Amino acid sequence: MITLSEISGKLLRSRLINVFMVGTYEEQERDLSSIGVSTGGGLTLTVTWDELSPARIGLRLPGQPVGDASSQPLVEALSTDHGRNWSGRRFVTTAIGQRLRYRGHRVERRGAWQTLSLTQFDEATGLEFVSVLSVHDDHRAVRGMTRVHNRGTGTVTLLAVSSLVFADFSWQDAGSLDTMTLLRGHSDWLAEGRWVERGLRECGLPDLAFGRLPLRTRGCIEASSVSSWSTAYELPTAVIRDSRTGRGWSFQIEHNGGWLWQVGELADGLYLTLSGPTDEHHQWRLRLAPGESFETVPATLALEDSDGHGPIGALTAFRRASVGAARAGNLPVVFNDYMNTVRGDPSAEVLHPLIDAAADAGAECFVIDAGWYANDGDWWDSVGEWQPSPHRFPQGIDEVLDHIRRRGMVAGLWLEPEVVGVNSPMALKLSDSAFLCRGGVRVSEHGRYHLDFTSEEAVAFLDAVVARLVNEHGVGYFKFDYNIRAGAGSDARTDSAGHGLLLHNRAYLAWIDALRKRHPGLLLENCASGGMRQDFATVSRFDVQSTSDQEDAHAYAPIAAAATMLVLPEQAGNWAYPQPGMSDQDITYSLCTGILGRLYLSGWLNRLDAAQHGIVASAVQAHKRLRHRIAVSSPFWPLGLPAWDDPWIALGLRDGDDALFLTVWRRGARPGMVSVPLPPAPPGRRWDAPTAVFPAHSPLSVALDARAGSVEVRDESGLHTARVVALEAVPHH
């Protein structure tokens, strides 16, 4: 492996095309300075600069050609008095970005991670920009963020600062963009993760040059978040692919609030901008006085190859390396009493038989969801004190929690820590400074006030709540929900609501980090009305992610299949809620939805008959046999990422070169069949015939077609049904 420091400062002689304004070019010979790193994962990262132009970043995999470097700067920034050199909504060609010049760099290593910090300076504003680029020795991705320091004598009002700007897409010729596609996703409550792949030209980058005229575009493709539901509408993850080579560039913005990504066309290539909140999109601005600093949110860019590990194989591996292995071995099966079951109306009488049924089925955690603190069913606007209801638990909640533990399960509770109901006692006990405020008035949404985690009062209150529930009641699992948005943010501690929201979002993540240090054995689940907040900054701090509130088992299939575009397979808590009124096929269908993730049980298990309960127990055992392999697997979608109404849906997990696991869902009213293509087997091996994971017998027959490199799935029932199978890689004979 070549380290950063070994090749830093190397001088290269090259022809550089510098774009001062879109459509205007200057060619000149320059001495380029370059610093780079090559990792065991096959990634080569370079940062290049010269005395007359800013630094830019390059990424390569083995076998990729090295062409002329794009002139696109690594950093872009906007301030009130220094805008763009070419007006429009695109976050490139900024005056500050074009003026940046190299000042120095340093390299640090921590374990398998190397970090390059490269400093540039803008003489006009006195702003110093430090690009912090981190790579892992074993993976093909770079995480970037930008630190801004005001070294000047005057205050600068920032309106946007990029986390990472990339334009090294290995173009072969001017027509390369015509073969490139964008895979992007949209979400909504109960309809999370709807992904579509289309050509970049079709997505919104029309060819303005026509092979003759200079490029003068103002447009781009973009996506941004709204408020504090970071994945409720657009998604902060996407993939750019070249259909000619199969190579791709996957990316994610790692923030639980405002974010923006843009893809657009420059005269000498394609650009990708990744950033946190901006003034135009999120009401974010920051007055940076002399001596003050600001740090952007992180963003990651991964290089994907056509290696059979799906469109985000490299990004998935990098996510695992970022999260670490500390919690990898602790993947318990969770039963939660809410979905299609207790629905926020728990009591000792209702829960005791459910606890026994969940334990008998093989659950290892039992979570009491919403309502455990309320004396009646009208609990929505009274949340926030988090004291157990004596009406629901006449002998105390400990009597129920002890029952959970006696049956060998971890006892869990639901909390929505970021809110206080307008009719909660805590709304009067906490001061206004504990809440997000606009113009001195508490932000109110859907009957709740929103706590501000930059407030010491708010954090101290919640620390005490968690400590009481853990130390006095023995709670070992929390489901943290988040059912409202924060609006634009708070201007109580800063003159920009967007910056107030950024400060709160970061403080919330810091609270989670501190919580884990104080209670290292605690299991934490992230939920936000299901999947409204599944950004990596949040998800990376939790053990389980609730992927949806979807109550229809048949509608859940495309959500579950696509969930691992945002979260690791072992974090994807996909609900399985068998009910006594379901047919055996529907019970099986619901259970299959959870097996290739984190099986997340609900349903009236105590009301199932013996045969139905046996189906549930069989699914739980099947999941337990696989879960250690799920935790090292990479997702792929042999039929493509599902459309909302697809009759056939398939999710695959690839366990290195050793095995494939497939869940196939059939949603149709008549018999049918589909051919599911398989990724290539490793050299010298072939895929063996599929074996049943769950159920053992099914109306879905799955047979290997070795010649076609696929499995043929036939549905003879004409019913909604699903099945999970495994294929092992065996030596050729």
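**Before you start**

This is a predicted model: local features need pLDDT of at least 70, side-chain atom pairs count only at pLDDT 80 or more, and totals for chains, interfaces and linings use all residues. Residues are numbered from 1 along each chain as its sequence is written, and side-chain values use heavy atoms, leaving out hydrogens and water.

Helices (H or I, at least four residues) and strands (E, at least two) are DSSP runs, numbered from the N terminus. Two strands pair if DSSP finds at least two bridges between them.

**Stop 1: a hairpin**

Select 101-110 and 113-122. These are strands β6 and β7, which run antiparallel and are joined by nine bridges. Look across from Gly 104 and you find Thr 119 in β7. Two residues lie between the strands of this hairpin. Gly 111 sits in the turn, with a positive phi of about 60°.

**Stop 2**

Most residues other than glycine have a negative phi, and most peptide bonds are trans. Now select Thr 93. Its phi is positive, about 50°, although Thr 93 is not a glycine. Look for Thr 93 in the loop between β5 (77-79) and α2 (95-99).

Go on to Gln 283, in the loop between α4 (279-282) and β18 (286-288). Gln 283 also has a positive phi, about 55°, and is not a glycine.

Is Thr 93 buried or exposed? Buried means under 20% relative accessible area, exposed over 50%, partly exposed in between (1.4 Å probe, protein chains only). Thr 93 has 9% relative accessibility, so it counts as buried. Gln 283 has 42%, so it counts as partly exposed.

**Stop 2: the barrel**

Select β21, β22, β23, β29, β30, β31, β32 and β33. In that order they form a closed barrel of eight strands with parallel pairing. From one strand to the next, the twist averages 30°. Axes are lines fitted to C-alpha atoms, for helices over the stretch in contact; angles run from 0 to 180 degrees between N-to-C directions.

Zoom in on β32 (572-576) and β33 (598-601). Four bridges pair them in the parallel sense. Ala 576 has Leu 601 in β33 as its bridge partner.

Contact means heavy atoms within 4.5 Å.

**Stop 3: two helices**

Two packed helices are described by the angle between their axes and the distance between the axes.

Which residues of α7 meet α8? They are Ala 348, Leu 351, His 352, Ile 355 and Asp 356. On the α8 side, show Glu 399, Val 400, His 403 and Ile 404.

**Stop 4**

A pair of aromatic rings is described by the distance of the centres and the angle of the planes. Rings of Phe, Tyr and Trp (its six-membered ring) pair if their centres lie within 6.5 Å; planes under 30 degrees apart count as stacked, over 60 as edge-to-face and the rest as tilted.

There are 23 aromatic pairs in the structure. Start with Trp 379 and Trp 414: edge-to-face, 6.0 Å centre to centre, 70° between the planes. Trp 379 is in the loop between β22 (365-368) and α8, while Trp 414 is in strand β23 (410-415), 35 residues apart. Both are buried.

Next, show Trp 386. Its ring centre is 6.0 Å from that of Trp 414 and the planes are at 65°, so this pair is edge-to-face. Trp 386 is buried, at 2% relative accessible area. Trp 414 has 1%.

**Stop 5: a buried histidine**

Select His 473, in the loop between α10 (456-471) and β29 (477-480). With 14% relative accessibility, His 473 counts as buried. Leaving aside residues up to four places away in sequence, His 473 touches Pro 388, Ile 397, Asp 398, Leu 401, Arg 405 and Arg 468.

**Last stop: a cis peptide**

Select Phe 694 and Pro 695. A cis peptide bond joins them, with omega about -10°. Pro 695 lies in the loop between β39 (691-694) and β40 (700-705).
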